[in-house]
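Keep the picture open as you read.

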Amino acid sequence: MQISKHSVVSIHYTLRNDAGEELDSSVGGQPLNYIQGMGNLISGLEEALEGRQAGEKLNVTVPADKAYGEREDQLVQQVPLTAFGGVENIEPGMRFHAETDHGPHVVVVLEVDDEHVVVDGNHPLAGETLHFEVEITEVREASQDELSHGHVHGPDCDH
């Protein structure tokens, strides 16, 4: 069966950046399961997998605009320390959920001083070209239940 819209796909992958550093991998663990065409993967990887089938191995390079987008300078902002509502010991690297005009958004703390916190709303991989080594391990039709819930059901699913 070929990967097409609403296929359940299982893949093993290794993700690297331009410097060749490994950022993530499923090799040696459980495969990543997703439903094709439901927006569960970055668009560039999903496009590269369309029409492929179980057993295939491929290398995929995904530019930033088909991954997590380009970095946006306006998403780095200085906010008053008081906006953190009594959270003690705010440190660089901490993540918070912020309410924005476009809904909830995760921000990462970059800097902290006595009155302000500099946060970055960009995805950590924004602006990066991503390199995937992928092995497709299984392709099957999604069940109606999976399609209605928007994700793959496995043995631990509580639906």
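Which element gives the most to the lining of the largest pocket? The element is β6, with five residues. Before going on, a word on the ground rules: this is a predicted model, where local features need pLDDT of at least 70 and side-chain atom pairs count only at pLDDT 80 or more, while totals for chains, interfaces and linings use all residues. Residues are numbered from 1 along each chain as its sequence is written, and side-chain values use heavy atoms, with hydrogens and water left out.

**The two pockets**

The search runs on a 1 Å grid over the protein atoms alone; a pocket is an open set of points with protein on both sides within 12 Å along at least five of seven lines, a cavity is a set where a 1.4 Å probe fits but cannot get out, and lining residues have an atom within 4 Å of a point. A volume is the space filled by probe spheres set on the points, with grid points joined across faces, edges and corners. Helices (H or I, at least four residues) and strands (E, at least two) are DSSP runs, numbered from the N terminus.

| Pocket | Volume | Lining by class |
|---|---|---|
| Largest pocket | about 410 Å³ | nine nonpolar, eight polar, two charged residues |
| Second largest pocket | about 170 Å³ | 10 nonpolar, one polar, one charged residues |

The largest pocket is lined by 19 residues, and Q77, A98, T100, H105 and V107 are the closest to its centre. Two or more lining residues come from each of β5, β6 and β7 (103-112). For the second largest pocket, strand β1 (residues 7-16) gives the most, with three residues. Its lining includes I11, Y13 and L15, along with D24 and F132.

**The sheet**

Strands β5, β8, β7 and β6 form an open sheet in the order β5-β8-β7-β6, with antiparallel pairing. At the edges sit β5 (76-80) and β6 (95-100), each pairing on one side only. From one strand to the next the twist averages 45°, where axes are lines fitted to C-alpha atoms (for helices over the stretch in contact) and angles run from 0 to 180 degrees between N-to-C directions.

Two strands pair if DSSP finds at least two bridges between them. Between β5 and strand β8 (residues 116-120) there are five bridges. Q77 has V119 in β8 as its bridge partner, and Q77 is also among the residues closest to the centre of the largest pocket.

P80 is found in strand β5 too, and is partly exposed, with a relative accessible area of 42% (buried means under 20%, exposed over 50%, partly exposed in between, using a 1.4 Å probe and protein chains only). P80 and H105 are 25 residues apart in sequence and 18 Å apart in space, C-alpha to C-alpha.

Most residues other than glycine have a negative phi. H6, in the segment before β1, has a positive phi of about 75° and is partly exposed at 31% relative accessible area. N89, in the loop between β5 and β6, has a positive phi of about 55° and is exposed at 62%.

Technical notes: Ala, Val, Leu, Ile, Met, Phe, Trp, Tyr, Cys and Pro count as nonpolar, Asp, Glu, Lys and Arg as charged, and the others, Gly among them, as polar.
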